[in-house]
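This report describes the fold in outline and then turns to selected local features.

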Amino acid sequence: MLELKDINKTFNKGTVNEKVLFSDFNLQIPKGQFVCVVGSNGSGKTTLLNVVSGDMFVDSGKVFVDGEDFTNLKNFVRAKKIARVFQNPAMGTCPSMTIIENLSIADNKLRPFNLTKGLNTKRRDFYKTTLQQLGLGLENRLDTKVATLSGGQRQALALIMATLVTPDLLLLDEHTAALDPKSSDIVMELTQKIIEEKKITTLMVTHNLRYATQYGNRCIMMHEGTAVLDVCDMEKKNQSIDDLLKIFNEISIECGN
């Protein structure tokens, strides 16, 4: 479903700060797989998402989604098939608009607006039913400005919006990192529910090792642009937080920390 082939990416090329991150990097993610990506700062996790989403172009190599060459497509073109939820809850919603207005915009993804109304009031009951699954009471606040919501509520709404029209690929960029523990758990449970129900191929970057072991059916650990760990299915289920920490510590020692 997603294939990165012979990816090369160098930052600050030709300067004293030149940094080769990806060197002939390859990755294949089959349709329907939920992949958790962990790694230290600078390991290439966010750059990986940026390369897939089109927010960053590679120096060489190919990016394929469903066999289609996405390598030179801009991010807004890729957005027809790819949805992304960012770490900052403010980035996935429009704070000056109401909840129902935000949902209406997301609901119209891939559809021409033409001269029709942007706000489809006939979908109000559908939106209420969709929001009820959050257990946050947002179904009763459809006309509330999103700016007044808490970070956890906004992130949950951003996740709903990103998947209202089912994407071929969902990118989760540390989407619980800015939330308190309770809100994080609510958003992760919702994440798992949506991915399983809609069978969405998902790539989730996280610093939370508990989430990396608890969720998904594949775990990849990145280090300096290389996958130093790649486990799936039963092998992943048998992976514990201590196992991941052991690898982290071994890498840290090798780097002189």
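## Overall architecture

The protein has 9 helices and 10 strands. The model is a predicted one. Along the principal axes, the C-alpha atoms of the protein fill a box of roughly 55 × 40 × 35 Å. For 257 residues, a compact globule would have a radius of gyration near 18 Å, and the 19 Å of the protein agrees with this. Of the 257 residues, 46% count as buried. Among the contacts in the protein with a separation of 6 or more, 68% are accounted for by residues 24 or more positions apart.

## Helix α1 and the residue that follows

Helix α1 spans residues 45–53 and is mostly covered, with 8 of its 9 residues buried. The buried residues in α1 are K45, T47, L48, L49, N50, V51, V52 and S53. G54 follows α1 and has a positive phi, near 95 degrees.

R84 lies in strand β6, which covers residues 82–85. Is R84 buried or exposed? Its relative accessibility is 15%, and because buried means under 20%, R84 counts as buried.

| Side chain | Partner side chain | Distance |
|---|---|---|
| R84 | N50 | 2.9 Å |
| R84 | S53 | 3.0 Å |

Both partners, N50 and S53, are among the buried residues of α1. When neighbours within four places in sequence are left aside, R84 is in contact with T46, L49, N50, S53, D55, L171 and D173.

## Packing of α5 and α6

Two packed helices are described by the angle between their axes and the distance between the axes. Helix α5 comprises residues 151–164 and helix α6 residues 181–198. How do the axes of α5 and α6 lie, and at what angle do they cross? They come within 9 Å and cross at roughly 10 degrees. Angles under 35 degrees count as roughly parallel, and α5 and α6 are therefore roughly parallel to each other.

On the α5 side, G152, Q155, A156, L159, I160, T163 and L164 take part, and in α6 they meet S183, V187, L190, T191, I194 and K198. By class, the contact of α5 with α6 has 7 nonpolar, 5 polar and 1 charged residues. An α-helix has 3.6 residues a turn, so residues three or four places apart point the same way.

How values were computed
Residues are numbered from 1 along each chain as its sequence is written. This is a predicted model: local features need pLDDT of at least 70, side-chain atom pairs count only at pLDDT 80 or more; totals for chains, interfaces and linings use all residues. Side-chain values use heavy atoms; hydrogens and water are left out. Helices (H or I, at least four residues) and strands (E, at least two) are DSSP runs, numbered from the N terminus. Buried means under 20% relative accessible area, exposed over 50%, partly exposed in between (1.4 Å probe, protein chains only). A polar contact is a pair of N or O atoms within 3.5 Å; within protein, one must be able to donate a hydrogen and the other to accept it, and residues adjacent in sequence count only if both atoms are side-chain atoms. Contact means heavy atoms within 4.5 Å. Axes are lines fitted to C-alpha atoms, for helices over the stretch in contact, and angles run from 0 to 180 degrees between N-to-C directions. Angles under 35 degrees count as roughly parallel, over 145 as roughly antiparallel, 65 to 115 as roughly perpendicular and the rest as oblique. Ala, Val, Leu, Ile, Met, Phe, Trp, Tyr, Cys and Pro count as nonpolar, Asp, Glu, Lys and Arg as charged, and the others, Gly among them, as polar. The radius of gyration is taken over C-alpha atoms; the globule rule is 2.2 Å times the number of residues to the power 0.38.
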